[in-house]
Amino acid sequence: MNVNKFVKIWKKHAESLYADYTGEDGATAVSKLLYKLNLNADELTVAKKLIETILIDTHYSFLLGLDGSANIGGIQQDYR
């Protein structure tokens, strides 16, 4: 697998998690908690944006760590 394919798969993974975490079906612990809050429409939009931002930041930080541009667990090195 090359780098471009890995990044595409990683992005798809983040998008899948977002869908699972914000789905109204309550299929995940995160979605159950989200809808248990009984937020109004505006609050729900903000909460979903929060989840999206956390996922993007976490996934991007991990990719940077693999590239050696950021640390993972306090260690910064190239991974292969």
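Student: How should I read the largest pocket here, and what is its volume?

Tutor: In this predicted model, the largest pocket has a volume of about 370 Å³, where a pocket is an open set of points on a 1 Å grid over the protein atoms alone, at which a 1.4 Å probe fits, with protein on both sides within 12 Å along at least five of seven lines. Grid points are joined across faces, edges and corners, and the volume is the space filled by probe spheres set on them. The model is predicted, with local features needing pLDDT of at least 70 and side-chain atom pairs pLDDT 80 or more, while totals for chains, interfaces and linings use all residues. Residues are numbered from 1 along each chain as its sequence is written, and side-chain values use heavy atoms, without hydrogens and water.

Student: What of the second largest pocket, and which helices each supply at least two residues of its lining?

Tutor: About 230 Å³ of space lies in the second largest pocket, and H1 and H3 each supply at least two residues of its lining. Among the residues that line it are Trp10, Tyr18, His59 and Tyr60.

Student: How do I read the packing of two helices, and at what angle do H1 and H2 cross?

Tutor: Two packed helices are described by the angle between their axes and the distance between the axes. The axes of H1 (residues 3–22) and H2 (residues 29–36) come within 6 Å and cross at roughly 45°, axes being lines fitted to C-alpha atoms over the stretch in contact, with angles from 0 to 180 degrees between N-to-C directions. That makes H1 oblique to H2, since angles under 35 degrees count as roughly parallel, over 145 as roughly antiparallel, 65 to 115 as roughly perpendicular and the rest as oblique. Asp20, Tyr21 and Thr22 in H1 meet Val30, Ser31, Leu34 and Tyr35 in H2, contact meaning heavy atoms within 4.5 Å.

Student: And how near do the axes of H2 and H3 come?

Tutor: They come within 11 Å and cross at roughly 155°, which makes H2 roughly antiparallel to H3. Val30, Leu34 and Tyr35 of H2 make the contact with Leu44, Ala47, Lys48 and Ile51 of H3.

Note on methods: Helices (H or I, at least four residues) and strands (E, at least two) are DSSP runs, numbered from the N terminus. On a 1 Å grid over the protein atoms alone, a cavity is a set of points where a 1.4 Å probe fits but cannot get out, and a pocket is an open set with protein on both sides within 12 Å along at least five of seven lines; lining residues have an atom within 4 Å of a point.
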